[in-house]
Amino acid sequence: MASVRKLGVLAISPLLLLLTNCSRHSNSEVYYLIATNMSLNYWKTAVAGFNAAGARYHVTVRTAGPDNYDAAAELQELNRVVAAKPAGILISVADEALLKPGIDAAINGGIPVLTIDSDAPSSRRLFFIGTNNLAAGRLGGQRIVEKLGGRGNVVFFSMPGQPNLDERLAGFKDVFATHPDIKIIDVVNIKGDARNAFDNTQQYLTQTGIARVAAFVCLEASSGKVVADAVRRQKVTDRTVVAWDVEQDTLAEIKDGTIEATIAQKPFTMGFAGLKELDEIFHNKPKSLTKDYSVDAFSEYPVFIDTGTALVDKANVDVYARSAAEHQK
């Protein structure tokens, strides 16, 4: 009889374990992902990862932030979200100096904050999840050096002041520092509008002689396609274009040969891993959210979770195109 009772306990235990796991989560737990340029496919992909993790953990997930590039509007959304006292916040930082006080206010109020995509290391955020942007810039810089043979003028398209884009540019500069015949003649501020990249590319394509631009580099996702379009319209075939991210249009331009390569990131992973980490922190809160865990050698938190980077060109573009198509189904 005793052995029967033991079997009953063994049979019920997995079910109890499952119920215990499920009861850990609740739809009353609300997590936010905040960013700018939310209308971009890049952020739609990140939100898809965030939503997928929310469905797995049976918690409520919400997004906030302007559809365009507007750091001030992002700060307003952050302040609104902090006032709602959610279980946790993921944020991509458009302007570190502007958003730091809002991030710190959240942490001081007991709300865990992680940065994704673009970091704010001077803030009290717990840690960063995303691309090693310095390394990604170096990867792109090496391809530019190879294509230009170590000589030529380069124009960048960016939004100066956004931390991740500045880090990418720094990576390119690290590589170019050992190739003094490669000159950066402009870093165009597209101000969140890819049309500015198109107009400037058309202008720079007219320059000849020592002012001739040999390569165009897009440090964010939206400008690659329009730069390629400007190059094609002027029927130029001897310029190098390096883009960012794996938009379908960008991959098509690589197949066509107008874009030499793009740097692939993993925004879906950033969103998914971000919520996963926030959930863990919410259910196992540290004694202090305001402690600087980066200088604690025994901390359970990392300083940085690298979600991965790769250079995509004609050799591997089909792999990325298939993956993108599968996730669109």
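Which helix gives the most to the lining of the largest pocket? Hold that while I set the ground rules. This is a predicted model, where local features need pLDDT of at least 70, side-chain atom pairs count only at pLDDT 80 or more, and totals for chains, interfaces and linings use all residues. Residues are numbered from 1 along each chain as its sequence is written, and side-chain values use heavy atoms, with hydrogens and water left out.

Now the answer. H11 gives the most to that lining, with six residues. Helices here are DSSP runs of H or I of at least four residues, strands are E runs of at least two, and both are numbered from the N terminus. The pocket has a volume of about 720 Å³. Of its 24 lining residues, Thr-45, Val-246, Pro-267, Ala-324 and His-327 are the closest to the centre. Two or more lining residues come from each of helix H2 (41–57), helix H10 (267–283) and helix H11 (317–328).

How do we define a pocket? We use a 1 Å grid over the protein atoms alone; a pocket is an open set of points with protein on both sides within 12 Å along at least five of seven lines, a cavity is a set where a 1.4 Å probe fits but cannot get out, and lining residues have an atom within 4 Å of a point. Points are joined across faces, edges and corners, and a volume is the space filled by probe spheres set on them.

On to the cavity. The structure holds one of 30 Å³ or more. H2 and H6 each give two or more residues to the lining. H6 has the largest share, three residues.

So let's look at H6.

E8 deserves a stop. Six of its six residues are buried. Five bridges join E8 to E6, in parallel. E8 also pairs with E9, again parallel, over three bridges. Two strands pair if DSSP finds at least two bridges between them. Phe-216 stands opposite Val-155 and opposite Val-241 in E9.

Next, the open sheet. Six strands run in the order E2-E1-E3-E4-E5-E11, with parallel pairing. E2 (60–64) and E11 (304–306) are at the edges with a single partner strand each, so one side of each has no neighbour in the sheet. E1 (30–34) and E2 share five bridges. Ile-34 has Ala-64 in E2 as its bridge partner.

Asn-37, not a glycine, has a positive phi of about 55 degrees. Asn-37 lies in the loop between E1 and H2. Lys-191 also has a positive phi, near 55 degrees, in the loop between E7 and helix H7 (194–204). Buried or exposed? Asn-37 counts as buried at 11% relative accessibility, whereas Lys-191 counts as exposed at 61%.

How values were computed. Buried < 20%, exposed > 50% of the residue type's maximum accessible area, 1.4 Å probe, protein only.
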